[in-house]
Amino acid sequence: MTNVGIIGLGLMGGSLSIALQERSNTYRFVGLDHNETHQQQALELGLVHEIVHTLDEISKCDIIILTIPVEGIIAISQQLHDLDEKCTVIDLGSTKAKISSSIPESIRTHFVTAHPMTGTEKFGPKAAIPKLYENKVVVLCDMEKSGTHQQEVAKKLFSEIGMKLVYMGAEEHDRHAAFISHMPHALSYSLANSVMRQEDASSIVALAGGGFRDMSRIAKSSPHMWEDIFRQNRANLIEAIESFEVELKKCRHMVENGEWEALNKWMSEANTLHDIL
Ligand SMILES: NC(=O)C1=CN([C@@H]2O[C@H](COP(=O)(O)OP(=O)(O)OC[C@H]3O[C@@H](n4cnc5c(N)ncnc54)[C@H](O)[C@@H]3O)[C@@H](O)[C@H]2O)C=CC1
Ligand SMILES: O=C(O)C(=O)Cc1ccc(O)cc1
C-alpha cells in the first residue's frame, strides 16, 4: 500500500485522488486542509480515507501532494522536515520559479515541482472531477534538482493518470505560463469588471452570447489562488500585459482611424492561432 498525503483538498488534490483511485487500489489517501467544511466534504466524497491535522502526520506518507495556493506551498515547504529517504513531495502550483528556489536545501531532493496544464474555474472539494488530468500535459520543472527515486515516483504517478510529461526549467516555465495562462486570467477579470461597470445585470443576462461567456468564464476563478500566482509571477505577468496592451492599442488605432484593410489583416493573423491549437 502506498500512502499518499494530500495537503489542500480542492479541485486539483481531489481530482488527483479520484484519478488514482480509478486506476489502482494500492493507494491510501490521507488529507490535510485548514477548512473544516472542506475536510468533511472530502471525506464524504471519498477523496480521502482519513483527515489529519498536523504536518508531522502527513510527513510519514510515501508521497505528499501540495495542492494549496502557491504562497502556501512555499510556507509549508519551510516546515517539512525529517522526511524518510524515499519520501516524494510533489507540488502542483501554477508558478514554479519561486517555489523551486525556496525549497530548503535539506529537503530539495525530496521535491518534484510540477504544473499540470489543466484545470477549471471551479474550486473546493466539490469541484473535483475524474478526468481532469487525462491526456493533458504536466510540466516537470528543474528535475535535475530532484532525487533519482523521487523523479521516478513522479513520472510513474503522472503517467498512471494518463498525462503527457514535458520537462522545463522553472524560470522558462514561468515566462511561458505568464503569456499562455496568467495574462489571459488577468484579461478575463478585466473584461468582467469593465462590462459590469457599464451594463446592468438584466442587459448582461439578456445579451450575453457565447463569446462573452467563453471569455469571462475564467473570471469566476478563485481570487485567493490567483492573487498568489500574480504575486509570484509579477515581472513576467507585467511583460505579458504590456504585450497585450500593444495589440489592443493597435486595434483601437485602426478603428479610430478607419484603417479597415489593416484591421482585417490583423484579425486574419489572429485567426491562424487556431491552426496550431
Ligand atoms: N485551479 C486550477 O485550474 C489549477 C490550479 N493549479 C494549482 O493547484 C493548486 C491548488 O489549486 P486548486 O485545487 O484549484 O485550489 P482549491 O481552492 O480548489 O483547493 C485548495 C484547497 O487547499 C485548502 N488550503 C488552502 N491553503 C491551505 C493551507 N495553507 N493549509 C491547508 N489547506 C489549505 C483550501 O481550503 C482548499 O480546500 C494551486 O497552487 C494552483 O495554483 C494548477 C493547475 C490548475
Ligand atoms: O479553467 C481554465 O481554463 C484554466 O486555464 C485552468 C487553469 C488554471 C491554472 C493553471 O495553472 C492551469 C489551468
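**Figure 1. Asp142 in the loop between β7 and α6.** In this predicted model, Asp142 lies in the loop that runs between β7 (137-141) and α6 (148-160), where helices (H or I, at least four residues) and strands (E, at least two) are DSSP runs numbered from the N terminus. Its phi is near 50°, a positive value in a residue other than glycine. Most residues other than glycine have a negative phi. Asp142 is buried because 23 other C-beta atoms lie within 10 Å, the terms being buried for 20 or more other C-beta atoms within 10 Å of a residue's own, exposed for 12 or fewer, and partly exposed in between, with C-beta atoms placed from the backbone. Residues are numbered from 1 along each chain as its sequence is written, and chains are lettered from A and ligands numbered from 1 in the order in which they are written. As the model is predicted, local features need pLDDT of at least 70 and side-chain atom pairs count only at pLDDT 80 or more, whereas totals for chains, interfaces and linings use all residues.

**Figure 2. Asn135 in the loop between β6 and β7.** Asn135 belongs to the loop that joins β6 (111-116) and β7. Although Asn135 is not a glycine, its phi is positive, at about 60°. Asn135 counts as exposed because it has 10 C-beta neighbours inside 10 Å, whereas Asp142, with 23 other C-beta atoms within 10 Å, is buried.

**Figure 3. Ala186 and Ser194 in helix α7.** Helix α7 comprises residues 170-198 and includes Ala186; Ser194 is found in helix α7 too. Ala186 counts as buried because it has 20 C-beta neighbours inside 10 Å, while Ser194 counts as exposed because it has 10. When residues up to four places away in sequence are not counted, Ala186 touches Leu237 and Ile241, a contact being a pair of residues whose C-beta atoms, placed from the backbone, lie within 7 Å. From C-alpha to C-alpha, Ala186 and Lys250 are 19 Å apart in space and 64 residues apart in sequence.

**Figure 4. The shell around ligand 1.** There are 29 residues around ligand 1, of which Gly8, Gly10, Met12, Gly119 and Phe123 come nearest; a residue is near a molecule if its C-beta atom, placed from the backbone, lies within 6 Å of it. The elements that give two or more residues to this shell are α1 (11-23), α4 (70-79) and α10 (223-232), and α1 gives the most, with 3 residues. By class, the shell around ligand 1 holds 14 nonpolar, 14 polar and 1 charged residues, where Ala, Val, Leu, Ile, Met, Phe, Trp, Tyr, Cys and Pro count as nonpolar, Asp, Glu, Lys and Arg as charged, and the others, Gly among them, as polar. At least three residues of the shell come from each of domain 1 (2-168) and domain 2 (173-276), with domain bounds that come from an automatic or database domain assignment.

**Figure 5. The shell around ligand 2.** The residues that surround ligand 2 are Ser94, Met117, Thr118, Gly119, Thr120, Glu121, Ser181 and Ile218. This shell divides into 2 nonpolar, 5 polar and 1 charged residues. Gly119, listed here around ligand 2, is also among the residues that come nearest to ligand 1.

**Figure 6. The contact between domain 1 and domain 2.** The protein chain is divided into domain 1 (2-168) and domain 2 (173-276), and the C-alpha centres of the two domains lie 30 Å apart. In the contact between them, 14 residues of domain 1 meet 16 residues of domain 2. On the side of domain 1 that touches domain 2, α4, α5 (97-102) and β7 each supply at least two residues, and by class this side has 7 nonpolar, 3 polar and 4 charged residues. In the UniProt record, an unreviewed entry, the feature "domain: Prephenate/arogenate dehydrogenase" is placed at residues 2-277; UniProt positions are given in the numbering used here, feature names are shortened, and annotations may be inferred rather than shown by experiment. Over residues 2-277 the chain is 54% helix and 14% strand, with its end C-alpha atoms 37 Å apart.

Conventions
Two residues are in contact if their C-beta atoms, placed from the backbone, lie within 7 Å.
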